[in-house]
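Student: Hi! I have a new structure to look at, and I'd like to talk it through with you.

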Amino acid sequence: MSATSPARLLQQAQQVTPVLAERLVAWQRQEGRHHLPWQGVRDPYRVWLSEIMLQQTQVSTVLGYFERFLQRFPDVQALAAAPLDDVLTLWSGLGYYSRARNLHRCAQAVVSQHGGVFPRSSEALQSLPGIGPSTSAAIAAFCFDERISIMDGNVKRVLSRVLGWDQDLSVKTHERALWEAAQAVLPAREGDMPSYTQGLMDLGATLCTQRKPACLTCPWSDICQARVKGDPERYPVKTRKLKRSERESWLLWLQWQDQVWLQQMPDKGVWAGLWTLPLLDDEQTLMALLGDKLGALIEPQPRTKHVLTHLDWYLNPRRLVLGDAAVAARLQRSLTEMASSGRWVPVADLDNWGLPAPLRRLLQG
Ligand code: SF4
C-alpha cells in the first residue's frame with residue numbers, strides 16, 4: 001500500500017470536518033474528564049502550571065504538586081518573587097528540573113515584561129521561557145478561545161489514527177503536515193475550543209491509548225482511518241528512537257551529629273541547581289578523599305538505577321558516620337574545595353531542601 005501524501009492527509013481532514021470536532025466536543029462534555037483541578041478554568045496561570053507539570057508526568061502524580069504549588073504560590077507574582085531554591089524544593093520528586101527553573105524564569109518574565117498578565121496569543125506566549133508550541137496552544141485555546149491545535153505526544157497519536165497519517169513523524173515535514181491537518185479540523189463554533197482541546201487530551205488518555213485503543217466506544221469509531229484499516233496500534237509511525245546511554249556515580253553520604261553534607265549541583269546538567277550528596281565518577285576518587293582509615297569504616301549501600309529519558313544512571317551510595325569533630329572539619333575543607341556551595345544540613349530539615357527524588361528516598365528512608 002502506498003504511503004499517504006500531505007495533500008491526501010489534508011483532503012482527509014476536510015472530509016471529516018466539521019463532524020470530527022462536533023463529535024469530540026459532545027463526547028468531552030458528556031464523557032470526558034471534568035474532575036481535575038485545572039479544568040474548567042480560564043486562568044492562564046493555572047492552565048500553564050498544569051501543562052508544565054503534566055509534561056512527562058502522570059496526572060495522578062501531578063495532582064498533589066499542583067495543589068501545593070497553588071497554596072504556596074497562588075499567582076504568577078508570588079511565584080516570580082520566590083527564591084528559585086523554594087521552587088525547586090516544592091518541585092522535588094517531579095523530575096525534569098529544567099521545567100521548574102523555566103517555570104520560575106517564565107513567571108519573572110510575565111511580571112517584568114507583561115505587567116503580571118499572560119499574553120493572550122499562542123505566538124506571544126511562545127516568547128516566554130519554557131513555553132513551546134503545544135503549551136502555548138493549550139493556554140490560548142483554554143483561556144482565550146484561540147483556534148489553534150495542541151500537538152503533544154497523545155494528540156499526535158490520536159490524530160494520526162483518525163486521519164490515517166502513516167508517514168514517519170520523526171521527519172519534521174511530516175509532523176508539520178499533521179499539524180496543518182490538525183488546524184483544518186478545529187471547531188468553527190464559538191466557545192467550543194476549550195472542550196475540543198480537553199477532548200483531544202481526554203481521548204488520548206482514556207480511549208485512544210497507545211496499546212489496545214477502545215475503538216468500540218470511541219466517538220470517531222466510524223470515521224477513523226486507522227480503525228478501518230484494522231491496525232490502530234501501527235500509528236503514529238515514528239522510526240527514530242532516542243539514543244540511551246549509561247552513567248555510574250558514587251555518592252558520599254557523610255553523617256555528622258544528625259546532619260548530612262549536601263552540595264548544590266551546577267546550573268546546567270541533570271539535577272541542575274538541586275542539592276545532592278557529593279557525586280564522584282569513580283570509587284578511587286572517593287577513597288582518596290577519605291584516606292585509608294576512614295575508607296575502612298565506610299558502609300556501602302545498595303546500588304540503584306535511576307532512569308532518565310536518555311540515560312540509565314547507576315548510583316552507588318557510600319555511607320560514613322563521623323564521630324570526630326576534627327575529621328568532620330577536615331572533610332568539610334576538602335569538599336568545600338570541590339564545591340564551594342556545600343554545607344551541613346540537619347536530617348530533620350531535609351523537607352525544606354530541593355533534593356532529587358532518589359536522594360530524598362535514600363536519606364529519608
Ligand atoms: S477509533 Fe480507535 S484508533 Fe480511532 S481514534 Fe478512536 S480509539 Fe483511536
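Student: Is Thr4 buried or exposed?

Tutor: Thr4 counts as buried, at 12% relative accessibility. Buried means under 20% relative accessible area, exposed means over 50%, and partly exposed is in between, with a 1.4 Å probe and protein chains only. This is a predicted model, where local features need pLDDT of at least 70 and side-chain atom pairs count only at pLDDT 80 or more, while totals for chains, interfaces and linings use all residues. Residues are numbered from 1 along each chain as its sequence is written, and side-chain values use heavy atoms, with hydrogens and water left out.

Student: Thanks! Where is Thr4 found, and what does Thr4 touch?

Tutor: Thr4 is in the segment before helix H1 (6-15). Helices are DSSP runs of H or I with at least four residues, strands are runs of E with at least two, and both are numbered from the N terminus. Setting aside residues up to four places away in sequence, Thr4 touches Leu9, Gly164, Trp165, Asp166 and Gln167. Contact here means heavy atoms within 4.5 Å.

Student: New topic: how many residues are in the largest nonpolar core?

Tutor: The largest nonpolar core has 98 residues, and Trp48, Tyr196 and Trp220 have the most contacts inside it. Such a core is a set of buried Ala, Val, Leu, Ile, Met, Phe, Trp, Tyr and Cys residues joined through side-chain atoms within 4.5 Å.

Student: Which helix gives the most to this core?

Tutor: Helix H9 (residues 133-144) does, with 8 residues. This core also draws at least three residues from each of domain 1 (6-217 + 226-234) and domain 2 (245-364). Those domain bounds come from an automatic or database domain assignment.

Student: And what is Trp220 in contact with?

Tutor: Beyond its neighbours within four places in sequence, Trp220 contacts Leu20, Arg23, Leu24, Val158, Leu159, Val162, Leu200 and Leu203. There is also a second, separate core of 17 residues, with Leu286, Leu289, Ala328 and Leu331 among them.

Student: Let's switch to charges. How many salt bridges are there?

Tutor: A search of the whole structure finds 16. A salt bridge is a side-chain nitrogen of Lys or Arg within 4 Å of a carboxyl oxygen of Asp or Glu. One of them joins Arg72 and Asp86, with the closest N and O atoms 2.7 Å apart.

Student: What does the Arg72 and Asp86 pair tie together?

Tutor: Arg72 lies in helix H4 (residues 59-72) and Asp86 in helix H6 (residues 84-91), so the pair ties together parts that are 14 residues apart in sequence. Arg72 is partly exposed at 39% relative accessible area, and Asp86 is partly exposed at 30%.

Student: What about Arg360 and Asp351?

Tutor: Their side chains meet in a salt bridge too, at 3.7 Å from N to O. Arg360 is buried, with a relative accessible area of 15%, whereas Asp351 counts as exposed at 52%. Elsewhere, salt bridges that share partners join Arg29, Arg189 and Asp192 into one network.

Student: Last one, strands! How do E1 and E2 pair?

Tutor: Strand E1 (residues 245-256) and strand E2 (residues 259-264) pair in the antiparallel sense over 2 bridges. Two strands pair if DSSP finds at least two bridges between them. Gln255 has Val260 in E2 as its bridge partner. The hairpin of E1 and E2 has 2 residues between the strands, and Gln257 there takes a positive phi near 50°.

Student: Which strand do 4 bridges join to E2?

Tutor: That is strand E8 (residues 343-346), and the two run antiparallel. Gln259 stands opposite Pro346 in E8.
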